[in-house]
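Here are my notes on the model, in numbered points.

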Amino acid sequence: MSVRRRELLLGGAALGAGALAARVPGGAGAGAAAPPVSGDASLTTAIPFDSAHQAGILDPRPARALFVSFDSIAGSRGELAAGLRAISERARALTTGYAALFGPPGEGPTPDSGILGTRVEPDALTVTIGLGASLFDGRYGLAGRRPAGLKPMPTFPDDALVEAECHGDVLLQLCANSEETLLHALRDISRETRGVLGPRWKIEGFLPTPARESGAGRNLLGFKDGTANPDVGNAQTMDDLVWTGHEEPAWARGGTYGVVRIIRNRVEFWDRVSLTEQELMIGRDKAKGAPLGQERELDDPDYASDPDGNRIPLDAHIRLARPRTPETEAGRILRRGYNYSRGYDEADQLDMGLVFVSFQRDLEAQFEATQKRLAGEPLVDYVVPTGGGYFFLPPGARGGGDWVGSALFV
Ligand code: HEM
């Protein structure tokens with residue numbers, strides 16, 4: 001249903017998407033939120049949508065994620081802008097929480113899917129919006145406003161990309177504590193954007209229960225994943241590595257570039273490999289997560305005293321990904337991936353792996369430089385990138401009537 005059609009159903013004649021938000025649950029006209037009905041702190045955890053930078057980039061990962069890429073089917077620049085604005089307006093409400101309004105019986109579509117009950121709790125939801133290079137073609141007059149470093153994701157040597165799972169004009173990354181919160185948010189946002197954004201691909205991710213063990217959670221190869229990451233608490237490091245600056249046009253400063261890669265793990269083959277061989281491929285102890293030769297997960301690998309790779313092979317994943325030389329430290333990436341699992345393929349092999357997600361200020365100097373060093377690593381026999389894309393994540397919305405991407409349209 002198009003934005004306009006839904007507006008008509010709601011009784012408004014020619015409302016913009018902003019006016020629409022006042023009429024739907026949690027919209028600008030909804031008044032003060034009702035007190036929470038649940039005492040569960042995780043349900044009431046709210047991560048503000050409005051901020052200098054978008055949420056869902058530096059925030060700790062909640063247990064669940066959903067990535068959807070859309071093609072724009074907007075007939076005009078104005079419709080596209082209204083659709084993007086509607087995403088921010090709904091995201092602002094959904095990430096705050098509100099009393100769900102089901103509507104009177106028998107009177108048109110119910111305003112809320114109802115899958116969260118009578119109260120929509122924030123549940124640590126973040127809604128992060130990305131724009132693909134294809135959005136900056138000739139359709140909406142945006143060609144001259146493309147972020148300086150944005151381009152379509154290339155095919156790397158070890159990729160087996162499936163076109164239907166790649167690229168897209170607009171990416172939504174939704175993260176929350178529970179799957180039902182993600183699905184509620186997706187349905188809520190989709191009903192406001194149906195005539196503007198058509199789905200292209202979608203993938204859901206999860207993390208292991210944190211109570212299972214301390215430190216980083218495990219990926220589906222059974223290794224701790226996410227241990228070595230730049231310090232998100234260090235603002236200077238984030239400015240250097242993540243947030244865009246003066247290299248970009250004014251509207252795109254304070255954003256970042258997001259890479260999403262759907263990387264299937266060949267788990268049946270991997271499970272037949274010895275522990276020693278697995279550890280040499282990664283460069284870390286499988287049980288402890290420590291770099292080989294070290295004791296603790298957070299210890300740094302000692303490459304200086306191992307120049308020939310006797311402890312950590314020169315082609316181990318962590319050594320190639322980040323050799324820790326002065327030149328490569330400036331090219332670090334911020335990883336924020338999730339595991340995925342989606343049944344069996346036609347050959348009865350499990351289809352599971354990693355939704356690799358990284359954020360960086362410069363795609364070529366950071367992500368691509370890392371990816372190129374990893375080309376041909378021993379791990380490539382067990383991991384197969386099948387989809388994903390490159391997206392520019394604009395700076396955050398500034399509150400009030402502002403929305404993510406608004407500066408692109410002025
Ligand atoms: C399914 C594919 C992949 C798997 C299973 C995997 C697994 C791992 C594991 C187990 C670690 C060590 C723990 C940690 O520090 O987080 C690690 C580290 C790392 N990986 Fe991957 N990875 C994959 C793909 C990638 C890709 C595509 C890139 C970038 C192009 C990448 C870049 C890195 C980096 C930068 C580190 C940290 C190295 C360090 O700072 O010492 N990984 N990965």
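1. A residue counts as buried if 20 or more other C-beta atoms lie within 10 Å of its own, as exposed if 12 or fewer do, and as partly exposed in between, with C-beta atoms placed from the backbone. Buried residues make up 42% of the 410 residues in the chain.

2. This is a predicted model, in which local features need pLDDT of at least 70, side-chain atom pairs count only at pLDDT 80 or more, and totals for chains, interfaces and linings use all residues. Residues are numbered from 1 along each chain as its sequence is written.

3. The chain has eleven helices and eleven strands; these are DSSP runs numbered from the N terminus, helices being H or I of at least four residues and strands E of at least two. The radius of gyration, taken over C-alpha atoms, is 22 Å, close to the 22 Å from the globule rule for 410 residues, so the chain is as compact as a globular protein of that length. That rule is 2.2 Å times the number of residues to the power 0.38. Along the principal axes, the C-alpha atoms fill a box of roughly 70 × 50 × 45 Å.

4. Strand E1 (residues 64–72) is largely enclosed by the rest of the structure, because eight of its nine residues are buried. Strands pair if DSSP finds at least two bridges between them. E1 runs antiparallel to strand E5 (residues 170–176), joined by seven bridges, with arginine 64 opposite alanine 176. Nine bridges join E1 to strand E6 (residues 197–206), also in the antiparallel sense; there phenylalanine 67 has isoleucine 203 as its bridge partner.

5. A nonpolar core is a set of buried Ala, Val, Leu, Ile, Met, Phe, Trp, Tyr and Cys residues joined through C-beta atoms within 7 Å. The largest has 77 residues, and Phe67, Val127, Leu174, Val355 and Tyr390 have the most contacts inside it. Helix H4 (residues 77–94) gives the most to this core, nine residues. A second, separate core of eight residues includes Phe223, Met281, Leu292 and Ala316.

6. Which residues are closest to the ligand? They are Phe223, Thr227, Ala228, Ile263 and Ala321, among the 27 that surround it; a residue is near if its C-beta atom, placed from the backbone, lies within 6 Å. Strand E7 (256–265), helix H9 (317–321), strand E10 (350–360) and helix H11 (363–374) each give two or more residues to this shell. H11 gives the most, with four.
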